[in-house]
Each structure stands twice: as structure tokens, then as C-alpha cells.
Amino acid sequence: MAGPIVFVGDSITELWGFHRAGTFEAYDLIPRGGSGQTARWITMRFARDLAETEAWGVHLLCGVNDIGRNEGVFVPVEEICRTLAGMLDEARALGVKAWIGSLTPVDGIPWNPEVRDAPAMIAAVNAWLRDHAHEHGATFIDYHAVLATETGGLRPDYGTDGLHLSPAGYAAIEPLMLRALGRIPDAGPVLPAREPPAETTGSLRALLTGLAVAAAALLAAVTALVLELR
């Protein structure tokens, strides 16, 4: 395995690192997501994130907050693409290997229902990334194809609000991500593919608690026996 790879992005990346912390730890991945941040905001910390983490590679995933007009203005697809390309060029200039993920599918912008063309804009950004990411030294990873319904929205079982991914959504795209990053071979297993289920964790905790109680009882019995023999 090569050096660490930093994941730079918005809340999609932030929640990925939270919900799938086991995967990030196992494969030397560093989450640097910022909730609500547009691609333009992320450019202001991009080089710092690379320097602070001493990353060998960078995985970039952002742009939906530009579409959601988080800075209060409409941002055209062309400008979003230019901003993403600029960060990829910056990574290449710094000698950092780059991957860029497709924007994930949405049914709409939960916090800004006035944005009615989000799916079409996402499709346009993704089409540009698919065709041009390699020109900026990056590998394109198509998460959208895994997560989308036939109509282009986010599969209900893979999302929480029509935009953000659920733990199941992240688990579904991790094999694609890990293979693209070279963390596993094309036919290799993905570990950990999922976090331990809550019931498994609870059962293990109960077992350990029971063993601790039994050990304490045994120690007490041995102590009492020793005292009687004195």
C-alpha cells in the first residue's frame, strides 16, 4: 500500500469518514470534508489539506453545494468544472496523485427547493469529468452509476434525505473506490465492507460483561477460600 490518501470534499465526504471510519482507518484514508462548503470554498483549503496530511494522493468530491447555491448565487456548470479542474491541476503541480468522484445523484436540494435543475446539472458536471478529468492528471470514479435510480435520483436505500448517503450507500460504492485507488486488487475482497452490525456489537459487549462478572465472582470465591484456610 502506498502512502495516505486524503479525501477532500463537502458533507458527502465528511459523513463518509464518520459512517465508515473502519474503512478509512484500514486503508490509510484521511477524511477532510466540510459540511456546506462549495467547491470554491474548498479551493481555499485544498493545498493546506494536502500539506497538513502529507498525502500521497487526493480524492476530490464536491460541487453539489455550488448547485445548491450555498453562496447565494447561481453557479453555472462551466464554472463548477473550471473550479474542479483547477484543484486537479494544483494537485498535479504538487506531485500528488488525484482521483475525482462523480457527483452523487440527488432527487433535489433539501435546503433549497427552488433549485429544480439539480439532476440535470449533476449529469452535466459528471459528463465533463468523465471526458476531461484525465486531461488534468486525475482518474474519474463513477459513483453516480451505482447509486442512481433509473430516473437519476438517489436510491432510497442508499440515502437519508434524497441527497446525503446512508451507511449502506457508502458501503455500496466502497469496492469501486478502493479498486480505483489501488487499495485492493480488481478481484480482491473489500475489508471492512461494512461496519459491525449494532446487534453484533451489543452481543459482544454482553459476552465480555458476562465474562468479567464471572471472573470477579471466581476471584471472590478464591479469596474467601484462602481466608478460610489461614
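Leaving aside neighbours within four places in sequence, which residues is aspartate 142 in contact with? In this predicted model, aspartate 142 is in contact with Ser102, Arg130 and Leu176 once those sequence neighbours are set aside. Aspartate 142 sits in the loop that runs between strand 5 (138–141) and helix 7 (144–147), and its relative accessible area of 24% makes the residue partly exposed.

## Overall architecture

The protein contains nine helices and five strands, and, read from the N terminus on, its elements follow the order β-α-α-β-α-β-α-α-β-α-β-α-α-α. Of the 230 residues in the protein, 43% are buried. Among contacts between residues at least 6 apart in sequence, 73% join residues that are at least 24 apart. The protein exposes about 11500 Å², and carbon and sulfur atoms supply 60% of that area.

In soluble globular proteins, nonpolar side chains tend to be buried together. Here the largest nonpolar core has 57 residues, and those with the most contacts inside it are Trp16, Leu29, Val58, Leu60, Leu84 and Ile100. Helix 5 (residues 77–93) contributes the largest share of this core, namely seven residues. One of the residues with the most contacts inside the core, Leu29, touches Ile5, Phe7, Thr23, Phe24, Met177, Leu178, Leu181 and Arg183, not counting residues up to four places away in sequence.

Tryptophan 99, which is found in strand 4 (residues 97–101), is buried, with a relative accessible area of 1%. Apart from neighbours within four places in sequence, tryptophan 99 is in contact with Ile5, Trp56, Gly57, Val58, His59, Leu60, Thr139, Ile141, Ala180 and Leu181; Val58 and Leu60 in that list are also among the residues with the most contacts inside the largest nonpolar core. Tryptophan 99 and alanine 138 are 39 residues apart in sequence, yet their C-alpha atoms lie 5.0 Å apart in space.

## Helix packing

| Helix pair | Angle | Axis separation |
|---|---|---|
| Helix 3 (residues 39–53) and helix 5 | about 10° | 10 Å |
| Helix 1 (residues 11–19) and helix 8 | about 95° | 10 Å |

Because its angle with helix 5 is about 10°, helix 3 is roughly parallel to helix 5. On the helix 3 side the contact is made by Ala39, Arg40, Ile42, Thr43, Phe46, Ala47 and Leu50, and on the helix 5 side by Thr83, Leu84, Met87, Glu90 and Ala91. The residues of this contact divide into eight nonpolar, two polar and two charged. Leu84 of helix 5, which takes part here, is also one of the residues with the most contacts inside the largest nonpolar core.

Helix 1 and helix 8, by contrast, are roughly perpendicular to each other. In this contact Ser11, Ile12, Leu15, Trp16 and His19 of helix 1 meet Pro167, Tyr170, Ile173, Glu174 and Met177 of helix 8, and these residues divide into seven nonpolar, two polar and one charged. Met177, which belongs to the helix 8 side, is also touched by leucine 29.

Another residue of helix 8 (residues 167–180) is alanine 172, which is partly exposed, with a relative accessible area of 24%. Leaving aside neighbours within four places in sequence, alanine 172 is in contact with Val146 and Tyr158. The C-alpha atoms of alanine 172 and leucine 147 are separated by 7.8 Å, although the two residues are 25 apart along the chain.

## Positive phi values in loops

Where are residues other than glycine with a positive phi found, taking aspartate 28 as one case? Aspartate 28 has a phi of about 60° although it is not a glycine, and it is found in the loop between helix 2 (21–26) and strand 2 (29–33). With a relative accessible area of 33%, aspartate 28 is partly exposed. Arginine 69 likewise has a positive phi, near 60°, in a residue other than glycine, and arginine 69 is found in the loop between helix 4 (64–67) and helix 5. Its relative accessible area of 28% makes arginine 69 partly exposed.

Notes:
Residues numbered from 1 in each chain as written. Predicted model: local features only at pLDDT ≥ 70, side-chain atom pairs only at ≥ 80, totals over all residues. Heavy atoms only, no water. Core = buried A, V, L, I, M, F, W, Y, C linked by side-chain atoms within 4.5 Å. Buried < 20%, exposed > 50% of the residue type's maximum accessible area, 1.4 Å probe, protein only. Helix = DSSP H or I, 4+ residues; strand = E, 2+ residues; numbered from the N terminus. Contact = heavy atoms within 4.5 Å. Axes fitted to C-alpha atoms, helices over the stretch in contact; angles between N-to-C directions. Parallel < 35°, antiparallel > 145°, perpendicular 65-115°, else oblique. Nonpolar A, V, L, I, M, F, W, Y, C, P; charged D, E, K, R; others polar. Areas by Shrake-Rupley, 256 points an atom, 1.4 Å probe, with all protein chains shown as cover.
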